[in-house]
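User: Please examine the model shown here and discuss its strand pairing and helix packing.

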Amino acid sequence: MTRMICALDASGSILLSRVYGAPAPEAFRTLVLLMSSSSNYAQHNGFDLRRLHSADCKLVFRRCKDDLLLILVTNDLASEESSLQTLLEAVLNGIVLILGDDTLFGRGSSQNRKRALARAAPLIDTICSEDGPPLGLALGCVEMHPGDFEGADNRREMTKALQAFAQEADVEVAILFVNGCIRAATAHTWSLPPAELQLLQVLMWTLPSAASRELPVHLPLTAPGGTARLVTCQLA
């Protein structure tokens, strides 16, 4: 199976292209450029092009603020359109998480946007890879460790310690990850949309190991135009 995801600007220039599975046939890239023109033509005439099927591939489209077009091409004809659209939605949210609305949809040059989108490539790869974290992306789930449902006293102690840490760090959202799964979280964490919690979980899976780090993130559903601080520390 081959999947290719491309991001194109309003002029049809490819800003980002990622391939998963078997190498993509050269025809995939040609098809993407052709379908970008078709999508632009449809939009100009008041139509919304969402999908195209052929004898050997499927294409789904996601247009974002008339300024960015995401296209997913796959030769897996058994794929449901709804699951492919969900994957594109997750990719878009992942890009916004890393870049924010201002950078993604700003009026920068194509080269600047290419460089910006390259920063989101590792997260996109994790979202799309079959070897990524054990998450139900199509279901919008947040993966919990099976042990979370056992040992209530231990879980309460972990949550209590995490809340004390959050208060000391002056943050409202604090999460304890074990092997990529959520083991404890502060109460305010659960007010975030599940899709954002899931993206943070996937981002933690994607980031290289580090004793501590701080990086800006942009919550795609809660505050895509704002900037939050993601502070991580690794427990021994």
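Predicted model: local features only at pLDDT ≥ 70, side-chain atom pairs only at ≥ 80, totals over all residues.

Analyst: Residues are numbered from 1 along each chain as its sequence is written, and side-chain values use heavy atoms, with hydrogens and water left out.

User: How many residues of strand β1 (residues 2–9) are buried?

Analyst: Strands are DSSP runs of E with at least two residues, numbered from the N terminus. Buried means under 20% relative accessible area with a 1.4 Å probe, protein chains only. T2, M4, C6 and L8 point one way from β1, and R3, I5, A7 and D9 the other way. The buried count in β1 is eight of eight.

User: Which residue of β5 is the bridge partner of D9?

Analyst: Two strands pair if DSSP finds at least two bridges between them. β1 and β5 (residues 68–74) run antiparallel and are joined by seven bridges. The partner of D9 in β5 is L68.

User: Are helices α2 and α3 roughly parallel or roughly antiparallel to each other?

Analyst: Helices are DSSP runs of H or I with at least four residues; their axes are lines fitted to C-alpha atoms over the stretch in contact, with angles from 0 to 180 degrees between N-to-C directions. The axes of α2 (residues 81–105) and α3 (residues 110–128) come within 9 Å and cross at roughly 150 degrees. Angles over 145 degrees count as roughly antiparallel. Therefore the relation of α2 to α3 is roughly antiparallel.

Note on methods: Parallel < 35°, antiparallel > 145°, perpendicular 65-115°, else oblique. Buried < 20%, exposed > 50% of the residue type's maximum accessible area, 1.4 Å probe, protein only.
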